[in-house]
Amino acid sequence: MFSTLGRYILLLRLSFKRPEKFSIYWNEVMREMVSVGIGSMGIISIISVFIGAATTIQVAFQLSSPLVPRSIAGSIARDSNILEFSPTISSLVLAGRVGSSIASQIGTMRVTEQIDALEIMGVNAPGYLIAPKIIACMLMVPLLVIFSIALALTGGYIACVVTGDVSPADYLMGVHDGFMPITIQVALVKAFVFGFLIASICAYQGFYTSGGALEVGQSATQGVVYSCVMILFADLMVTSIML
Amino acid sequence: MIEIKDIYKTFGENEVLRGISAVFEPGKNNLIIGGSGSGKTTLLKCIVGLHEPTKGQVIFNNENFTEMDFEQRVPIRKQIGMLFQNSALFDSMTVEENIIFPLNMFTDMSVSEKRDRADFCLERVNLKDKNSLYPSELSGGMKKRVGIARAIAMEPKYLFVDEPNSGLDPKTSIVIDELINELTQEYKITTVIVTHDMNSVMGIGDHIIFLHQGKKAWEGSNKEIAHTDNQELNDFVFASKFTQAAKEKL
């Protein structure tokens, strides 16, 4: 375990060495940002709307007491979505979508000797292949989480309109009342950390792939599993530190 | 010139290379031959720095490559071109982008200069007008030729070739061999080729090293190989009835 951690840290150090040519790395970062950000908007939209709607309906169901104002459903759904569902569930989905793609892409380059070709040319392969992916994920996952929060709250509103469990006016009042900006800060810090974990862990798994197609698949699976576990652990750590 | 001194390489308990020394001169096709598992590719990877030798030295023009770190190796690596067994072209890039890649990384050439260089390299390997194709759209022989074009893009002093004929038909193999030979002679490149193709050995083997069980078992030229009394080499080179018959005619 310690040797794996050591190799991971050394790989990260190599990844953030001074680039050979900044413009090429910048282009790579932009390309990865489009791939991670735009490419993930569809799946993030779908899960966010449904989770937002389901959360609102479940909270409304549990608030059956006439002594509790119905607008509380909006407040609870808002905080649940901002603090937990949008950053964590979105990141777990992104670990599957983006992380597996990173691990399999780098793993395939390893087994087809493309990484060797880069090294022979004198290119710092971890820097060229991994750093742009980590930077792109650290920038795009927070933006996707903001997008997800907005859609989750919209999903909650749609659920109120469709089911009538909570009136849309009560829901909107609940969403506005008692809003604490720190919840957004916590969500963004989580997203930033999760973005780093997804890209770095999956890149590590891909970079040290050896063998053939079977091992590339195994690296992708391991990358997703390890990054999901680390996302949940980091979720607990950030929550306990910031709240 | 490349000099290797007493190279050992061990993977765990398995000693793959056992004290190999040789000198590879410019303008010559230096062939490393041997049976499967004899350590040919491991030796090539030790020379280019993809594997670190357990013991021994690799010297490029009096510079000890083995003792250098990654940064110190970069100037030498810029002078190295390598053709991999499976070509190792970047699949996400077109043929032209593959060739331009090292130029983008290490030169300040303008876009038109880089395009001209790519066109020149492609013309040199008889692949004119294939600039916009992706590696998946190329045949095995074409991939090898693009690999060579990429390898010569930076005008290398050293060319390393791993199994250039694997997976190719005999006619295409000869074309690739002739191309490597022409480039070696024309630009006075120090070329090191790992192969077990007998046509290559007999056709372009100016200097041949035969590896057997991780040791250098024989060294000479293609003219000398037919008359050697080295038993392992004879068993390897003249393994088929066809080559035996050819030897008897010599």
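These are my notebook entries on two chains and the contact between them, taken from a predicted model.

**Entry 1: chain B as a whole**

I began with the secondary structure of chain B and found ten helices and ten strands. I then looked up the radius of gyration, which is 18 Å for chain B; the globule rule gives 18 Å for 250 residues, so chain B is as compact as a globular protein of that length. The C-alpha trace of chain B spans about 55 × 45 × 30 Å along its principal axes. I also looked up burial: of the 250 residues in chain B, 41% are buried. Turning to contacts in chain B between residues at least 6 apart in sequence, I noted that 65% of them join residues at least 24 apart.

**Entry 2: a helix pair in chain B**

Next I examined helix α3 (residues 95–106) of chain B and helix α4 (residues 111–124) of chain B, whose axes come within 9 Å and cross at roughly 120°. Because of that angle, α3(B) is classed as oblique to α4(B). I recorded the crossing of α3(B) and α4(B) as right-handed. From α3(B), the residues Glu96(B), Ile99(B), Ile100(B) and Leu103(B) meet Lys114(B), Arg117(B), Ala118(B), Cys121(B) and Leu122(B) of α4(B). I sorted the residues of this contact by class and found six nonpolar, three charged and no polar ones.

**Entry 3: where chain B touches chain A**

I then turned to the contact between the chains, which takes 15 residues from chain B and 13 residues from chain A. On the side of chain B, the elements that give two or more residues are α2 (70–77), β6 (80–83) and α3 of chain B. The largest share of that side, four residues, comes from α3(B), the helix that I had also found meeting α4(B). By class, the side of chain B that touches chain A has eleven nonpolar, two polar and two charged residues.

**Entry 4: a helix pair in chain A**

Last, I looked up helix α3 (residues 72–111) of chain A and helix α6 (residues 131–163) of chain A, which pack at an angle of about 135° with their axes 8 Å apart. That angle makes α3(A) oblique to α6(A). I noted that the crossing of α3(A) and α6(A) is right-handed. Among the residues of α3(A) in this contact are Ile82(A), Phe85(A), Leu94(A) and Val98(A), and those of α6(A) include Val141(A), Leu144(A), Ile149(A) and Leu153(A). The contact of α3(A) with α6(A) has 14 nonpolar, six polar and two charged residues.

How values were computed
Residues are numbered from 1 along each chain as its sequence is written. Chains are lettered from A and ligands numbered from 1 in the order in which they are written. This is a predicted model: local features need pLDDT of at least 70, side-chain atom pairs count only at pLDDT 80 or more; totals for chains, interfaces and linings use all residues. Axes are lines fitted to C-alpha atoms, for helices over the stretch in contact, and angles run from 0 to 180 degrees between N-to-C directions. Angles under 35 degrees count as roughly parallel, over 145 as roughly antiparallel, 65 to 115 as roughly perpendicular and the rest as oblique. A crossing is left-handed if the near helix is turned anticlockwise from the far one by less than a right angle, and right-handed if clockwise. Two residues are in contact if their C-beta atoms, placed from the backbone, lie within 7 Å. Ala, Val, Leu, Ile, Met, Phe, Trp, Tyr, Cys and Pro count as nonpolar, Asp, Glu, Lys and Arg as charged, and the others, Gly among them, as polar. The radius of gyration is taken over C-alpha atoms; the globule rule is 2.2 Å times the number of residues to the power 0.38. A residue is buried if 20 or more other C-beta atoms lie within 10 Å of its own, exposed if 12 or fewer, and partly exposed in between; C-beta atoms are placed from the backbone.
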